[in-house]
Amino acid sequence: MALPLLLPLLAAGPTSAATPTPSLTYGGLASVRPGEALTIDARSGEASYGDTMRASVFMATGKLRMRDPLLTTTVTIACDARPGTQPVIRRGAGDVGPDEHPFRWARVRVLPVDEDARRACRDKVKRLPAPDLEERWAPGDTWPQSEWDVRTFRAGSRITLTDNDDEGADGYISLTSRAFTDRPVLRGARAVLTATATLKCGAAPGLYVVYRHDAGQSGPDRPWARLRVAPAASGKSCSTDQAAARSAGTSRAPVVAWTAGGVFLATAAATLLFRRARNRRLGAEGARARSTD
């Protein structure tokens with residue numbers, strides 16, 4: 001008898017299902033409410049990396065970041081946004097000033113809500129997490145494409161870093177990181193500079209910052225890239241451990257050889273001096289004996 005009462009609930013689906021985040025694409029119209037997050041996605045040709053998206057109802061301007069294959073940003077609708085339709089304005093990454101090359105890229109429609117919803121919105125936005133700045137570029141792209149182009153490498157591996165923005169700076173830029181065993185220097189005779197670095201075998205899994213230092217600079221080094229270290233491959237000894245062992249072995253060998261050679265030379269010299277002194281003493285005794293005769 002209870003089955004007819006349950007059928008409408010089953011048809012409606014679970015009441016606890018999460019509401020999907022609304023999204024907006026080029027030329028589209030998204031309906032949103034105050035306090036909601038809005039994801040803006042752009043394909044190649046619709047916007048460029050670093051472009052900004054702004055609307056009067058956004059709490060803050062969104063900056064497009066790479067999430068291969070899309071450029072994307074997430075914005076939050078302001079709690080005091082009033083009902084109506086507003087344009088979303090795109091500006092280029094290199095634009096300066098508020099009115100340089102604005103472009104009406106899409107639109108948002110703010111839906112009406114009551115005052116209780118607006119009060120709840122203010123509490124909600126206070127608890128919003130920090131934005132995720134990590135980017136995902138195509139695997140075939142050189143690394144890093146940006147400061148937040150985070151790639152994953154195994155501890156102990158050798159990695160290549162590429163700089164496409166500092167033509168003519170051959171040998172002038174060095175890189176440091178707590179994950180590196182060394183301090184690589186970017187080199188290159190043309191527009192592209194490269195360097196190789198070895199990751200420490202003991203580097204704990206996690207996110208690491210790579211800093212750059214320009215020759216002659218004053219002030220602290222600035223973040224230039226980020227990488228995520230994964231554990232070394234199981235069943236294989238770490239390459240940097242092997243390199244360290246080889247380095248230590250080869251560095252100890254000359255010391256041992258020099259020490260052994262030094263002992264041999266010292267012994268030979270002492271023996272020679274002893275023989276000379278004995279010969280002089282015997283010669284002197286023989287001379288005294290002949291004078292007595």
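Trainee: What order do the five strands of the open sheet have?

Mentor: The open sheet has its five strands in the order β2-β9-β8-β4-β5, with mixed pairing. Strands here (E, at least two residues) and helices (H or I, at least four) are DSSP runs numbered from the N terminus, and two strands are taken to pair if DSSP finds at least two bridges between them. This is a predicted model, in which local features need pLDDT of at least 70 and side-chain atom pairs count only at pLDDT 80 or more, whereas totals for chains, interfaces and linings use all residues. Residues are numbered from 1 along each chain as its sequence is written, and side-chain values use heavy atoms, with hydrogens and water left out.

Trainee: Which strands stand at the edges?

Mentor: Those are β2 and β5 (62–63), and each has a single partner strand, so one side of each is left without a neighbour in the sheet.

Trainee: Which strands run antiparallel, and how many bridges join them?

Mentor: Strand β4 (residues 52–54) is joined to β8 by three bridges and runs antiparallel to it, with methionine 53 standing opposite arginine 90 of β8. Between β8 and strand β9 (residues 103–110) there are seven bridges, again antiparallel; in that pairing glutamine 86 stands opposite valine 108 of β9, and proline 87 has arginine 107 in β9 as its bridge partner.

Trainee: And in what sense do β2 and β9 pair?

Mentor: They pair in the parallel sense, over four bridges, and valine 32 has valine 110 in β9 as its bridge partner.

Trainee: Switching topic, how many disulfides does a search of the whole structure find?

Mentor: The search finds one, a disulfide being a pair of cysteine sulfur atoms within 2.5 Å. It joins cysteine 79 to cysteine 121, with an S to S distance of 2.0 Å. Cysteine 79 lies in the loop between β7 (70–76) and β8 (84–91), while cysteine 121 lies in helix α2 (residues 115–126), so the pair ties together parts that are 42 residues apart in sequence. The torsion about the S-S bond of cysteine 79 and cysteine 121 is about -85°, so the disulfide is left-handed.

Trainee: Are cysteine 79 and cysteine 121 buried or exposed?

Mentor: Cysteine 79 and cysteine 121 are both buried, where buried means under 20% relative accessible area, exposed means over 50%, and partly exposed is in between, using a 1.4 Å probe and protein chains only. Proline 112, in the loop between β9 and α2, is exposed, with a relative accessible area of 60%. The C-alpha atoms of proline 112 and proline 34 are separated by 8.6 Å, although these residues are 78 residues apart along the chain.

Trainee: What about the largest nonpolar core, which residues have the most contacts inside it?

Mentor: That core has 23 residues, and those with the most contacts inside it are Leu24, Leu38, Ile40, Phe58 and Val88. A nonpolar core is a set of buried Ala, Val, Leu, Ile, Met, Phe, Trp, Tyr and Cys residues joined through side-chain atoms within 4.5 Å. A second, separate core of 21 residues includes Ile159, Ala203, Trp224 and Ala225.

Trainee: And what does leucine 38 touch?

Mentor: Not counting residues up to four places away in sequence, leucine 38 touches a list of residues that includes Leu24, Phe58, Val75 and Val108, with contact meaning heavy atoms within 4.5 Å.

Trainee: One more residue: where is the place of arginine 67?

Mentor: Arginine 67 is in strand β6 (residues 65–67), and its side chain reaches the backbone oxygen of aspartate 132 at 3.0 Å. Leaving aside neighbours within four places in sequence, arginine 67 is in contact with Thr72, Asp132, Glu134, Glu135 and Arg136.

Trainee: Last one, how many helices and strands does the protein have?

Mentor: The protein has three helices and 15 strands, and buried residues make up 31% of its 293 residues.

Methods. A polar contact is a pair of N or O atoms within 3.5 Å; within protein, one must be able to donate a hydrogen and the other to accept it, and residues adjacent in sequence count only if both atoms are side-chain atoms.
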